[in-house]
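Work through the exercises below with the structure open, and try each task before reading its solution.

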Amino acid sequence: TQYGGMEGHRVRLTGFRSRQFRMIYPDQNMVLQQSPDGAYLEFLGAEVEFRFRAGKWSFENYMTVQSPTVSGDQTLFDYYRTNQPNFYNRFKLFWEGHDTKIARAIRGGIEYHYFSDFNTPLFDAPSQIFYPQLSYEQIGYHRLDAFFAAQIKKAQIFLRVYNTLEGVQN
């Protein structure tokens with residue numbers, strides 16, 4: 001459910017509520033469980049998106065903040081309460097030029113992602129399913145990508161370097 005959003009020329013603000021009933025999930029012993037009637041997991045949150053342009057430079061930011069709530073058996077949803085980050089941010093800064101000497105359009109820049117701490121699901125390769133675990137918490141992490149795109153005559157070129165911060169200590 002999305003609540004009334006507010007949208008301006010460069011800013012968009014939206015509130016949301018996501019509620020899940022009668023969930024079927026594997027427990028730590030890989031035994032399927034179903035939540036009882038009336039029990040649910042709910043995420044309440046807000047999304048903010050804004051864009052700014054100065055000449056040929058553009059700045060875009062998208063941010064989500066959410067908080068889980070649970071009704072019914074608290075232990076039933078321990079995993080699902082913490083398997084999504086409470087905060088996510090994506091920031092993009094790029095230069096864009098049109099009808100240059102080299103190409104009809106060129107765009108190059110960086111894209112930065114941040115996720116707050118959350119419990120990641122484990123993957124069981126033989127059964128091909130993810131299952132809950134509470135013993136490992138993925139600490140918040142950063143990811144910085146660099147990209148370049150161009151249209152040269154009728155050809156489209158897109159290059160992206162993922163996770164350029166890999167190996168850099170916090």
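**Exercise 1.** Classify Arg107 by its relative accessibility, and then describe its salt bridge.

*Solution.* In this predicted model, Arg107 has 29% relative accessibility and therefore counts as partly exposed, since that class lies between the buried limit of under 20% and the exposed limit of over 50%. The partner of Arg107 in a salt bridge is Glu96, with the closest N and O atoms 3.0 Å apart. Because Arg107 belongs to strand S8 (residues 105-115) and Glu96 to strand S7 (residues 87-98), the pair ties together parts that are eleven residues apart in sequence. Glu96, at 14% relative accessibility, counts as buried.

**Exercise 2.** Trace the salt bridges of Arg160, and state which network they belong to.

*Solution.* Begin with Glu111, which forms a salt bridge with Arg160 at 2.8 Å between the closest N and O atoms; this pair links distant parts of the chain, Glu111 being in strand S8 and Arg160 in strand S14, 49 residues apart. Next, the side chains of Arg160 and Asp145 meet in a salt bridge of 3.6 Å, N to O, and here Asp145 lies in strand S13, 15 residues from Arg160. Finally, salt bridges that share partners join Glu111, Arg143, Asp145 and Arg160 into one network.

Notes. Residues are numbered from 1 along each chain as its sequence is written. This is a predicted model: local features need pLDDT of at least 70, side-chain atom pairs count only at pLDDT 80 or more; totals for chains, interfaces and linings use all residues. Side-chain values use heavy atoms; hydrogens and water are left out. A salt bridge is a side-chain nitrogen of Lys or Arg within 4 Å of a carboxyl oxygen of Asp or Glu. Helices (H or I, at least four residues) and strands (E, at least two) are DSSP runs, numbered from the N terminus. Buried means under 20% relative accessible area, exposed over 50%, partly exposed in between (1.4 Å probe, protein chains only).
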